[in-house]
2 protein chains.
Amino acid sequence: MTRSDRSPHGGELPSGVARIAVDLLGGDGAPAVVVDGALRACSADPDLHLVLVGPREAAGEVIGALADEDRGRVSVIPVDSAVGMADSPLRHIRRESTVRAAAEAVYMGRADAMVSAGSSGAAVAASAHVLGRLRGVRRPGLAARVPTPRGAVLLVDVGATLDATMLELVQHAVLGTAYAAVGLGIARPRVGLLSIGSEPGKGDRLRRAVSIALSDVPLPAGGRYIGLVEGFDVPRGGPADVVVTDGFTGNVLLKGIEGAISVSSDHEAAAVLLGVAGDVVVCHGAANGDQVAGGIALAARLHRERITPAVAGLADDLLTELSSAGGLTIRDALGERS
Amino acid sequence: MTRSDRSPHGGELPSGVARIAVDLLGGDGAPAVVVDGALRACSADPDLHLVLVGPREAAGEVIGALADEDRGRVSVIPVDSAVGMADSPLRHIRRESTVRAAAEAVYMGRADAMVSAGSSGAAVAASAHVLGRLRGVRRPGLAARVPTPRGAVLLVDVGATLDATMLELVQHAVLGTAYAAVGLGIARPRVGLLSIGSEPGKGDRLRRAVSIALSDVPLPAGGRYIGLVEGFDVPRGGPADVVVTDGFTGNVLLKGIEGAISVSSDHEAAAVLLGVAGDVVVCHGAANGDQVAGGIALAARLHRERITPAVAGLADDLLTELSSAGGLTIRDALGERS
């Protein structure tokens, strides 16, 4: 029970069974890579149960490779169609797909959490649509943990919310701070806003407005806004534990960093979806089996440590207040006349 | 005259004297680092003349360190105030500053090109204000050459144009293509638009609209638009020689890549300002002496190889046409009703 001892949010942590819905058709190397990852995750964690969502043949490969006594840990939801990378996420969650069926498995209580390495847009859309958003949350944010020589940096958003508004960035700062505290065990997280210089006022209109807003908004878990940070502060670590940005910039930066370093096998190629009412892990489309297994283990941890309810508890009041605040506009923050 | 032999745009190239205005007060380590860079550049290139713009004492350090016979290669424009990193670039170019005086030296014909490692916003604003923009150009773009295992990638813009519009991104694609051809010697440059996936339609509204526009716009120098590229395509190299993005995203990505790799001494910490009527090189604020010297050498090469006039010649018709086209709006490109 060492994990329960390390829990940052106290209380009795059930390290028991975690049932993870796995999208067998998600990812560049699916289903083979996902089958490999599922087997690795099973052998690493005897209390892990898998709900395999995908074609019967792929699920059969997982089951066939398991020892007899482990086969009871696996169930199958047969679905044959996936959301392709080129499909519109919004259009395709309306019909049956593995990622939608995985979200429904969580919603119906058949699984505790879900993992997909497929189109992150589809995973985000299906999660928000099927599981719903946390109260007050406009749009969810994908949070990726970036290992650095000076500790982990949580980068949020890395692709869930494009064309982000001021309110969405402030809400992601709140959610990211809460997750850094309860999910990463960082006390009093330091929160930075990604920009193109660290001096006050640097950046585009959105950044200038959000920086002013973040100076005023109380952050959960003793978090504090420390101002603007730059691109190099994410791979190097440094002033901020949580780096907030829009999903477009965050996605480009994360992939740029990945491209610049050789991605080591212990690289965490999975991101947690913040702001939806359920445990959702999105893996990199190019994840290998080890990394898919890491994503499954992360989903199991989210469930066992009750991280999403703890994040929701810390952020709820703030999110609701922010959502109902009428004046959170870029124009107002920058003191511009209408 | 090997340089003249390698010229991609033909004609007699004077590899003779190049007079480079150097902003002694620009950069985190100024003036010491700039003094060091100026001396290195002088010793590497016997035909280089320097117009040192800054305090007399700093200029005196350069002159004092030169051999007697080289002192005739240096002149001084005494200016004591710089634009600080926290200053507003727009406000401060109106009064005297080293970066403004360097641009004026180019405008008055006292120097052939300029180099600054100070605030890039100030260098861009001063250049556009004093030198003017090329015909049709809305806003200039900073183009950085990123070395990769598969050849250089030109990333444009890396910080000149925040809150970029569709027209500005298309114009930067035109300018970047012309510069890749004449400045980097890349035949028929392949041009990519930075987004969060490579499938058509991926990205935010701006990217979706610009991608449609780039499919229709003829590019100079035989350049061709190859579609969307991702963050990792910049450090790894790959499908595109020229990667187009807004200045916010480009700056964050470039710094993220720099932070992820150990910046080697042959790293080119200088960017070329495209779209202004003159030769302007902007060095990284954290550039070391070697890198400042590299920036000075790049400015000398821009001048000697007449790269800016060649870029202007290739891009002029397109830029003017784009600038006068009324229908280049995101709404139109995406086929949205007004």
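## Contact between the chains

In this predicted model, 31 residues of chain A are in contact with 31 residues of chain B. On the chain A side, helices α9 (233-236) and α10 (247-260) each supply at least two residues of the surface that touches chain B. Of the contributing elements, α10(A) gives the most, with twelve residues. By residue class, the side of chain A that touches chain B divides into 15 nonpolar, eight polar and eight charged residues.

## Relation of the two copies

The same surface serves both copies, since 100% of the contact residues of chain A recur in chain B.

## The sheet of chain B

Eleven strands of chain B form an open sheet with mixed pairing, in the order β3-β2-β1-β4-β11-β10-β5-β6-β9-β7-β8. Its edge strands are β3 and β8 (224-229) of chain B, each of which pairs on one side only. From one strand to the next, the twist averages 25°.

Within this sheet, strand β5 (residues 141-146) of chain B pairs with strand β6 (residues 153-156) of chain B in the antiparallel sense, over four bridges. At this pairing, B:Ala144 stands opposite B:Leu155 in β6(B).

## Helices lying across the sheet

Helix α6 (residues 120-131) of chain B lies across β4 (113-116), β5, β10 (270-274) and β11 (279-283) of chain B, and runs at about 170° to β11(B).

Helix α11 (residues 289-304) of chain B lies across β1 (18-23), β2, β4, β10 and β11 of chain B. The angle between α11(B) and β11(B) is about 165°.

## The two faces of helix α3

Helix α3 of chain B spans residues 56-65, and B:Ala58, B:Ala59 and B:Val62 in this helix are buried. These three residues lie on the same side of α3(B) because they cover an arc of only 100° around the axis. The elements that cover the buried residues of α3(B) include α2 (32-44), β2 (48-54) and β3 (74-78) of chain B. Of these, β3 of chain B is also an edge strand of the sheet.

The face of α3(B) turned away from the buried side carries the exposed residues B:Glu57 and B:Gly64.

Technical notes
Residues are numbered from 1 along each chain as its sequence is written. Chains are lettered from A and ligands numbered from 1 in the order in which they are written. This is a predicted model: local features need pLDDT of at least 70, side-chain atom pairs count only at pLDDT 80 or more; totals for chains, interfaces and linings use all residues. A residue is buried if 20 or more other C-beta atoms lie within 10 Å of its own, exposed if 12 or fewer, and partly exposed in between; C-beta atoms are placed from the backbone. The arc is that of the directions from the helix axis to the C-beta atoms. Two residues are in contact if their C-beta atoms, placed from the backbone, lie within 7 Å. Ala, Val, Leu, Ile, Met, Phe, Trp, Tyr, Cys and Pro count as nonpolar, Asp, Glu, Lys and Arg as charged, and the others, Gly among them, as polar. Two strands pair if DSSP finds at least two bridges between them. Axes are lines fitted to C-alpha atoms, for helices over the stretch in contact, and angles run from 0 to 180 degrees between N-to-C directions.
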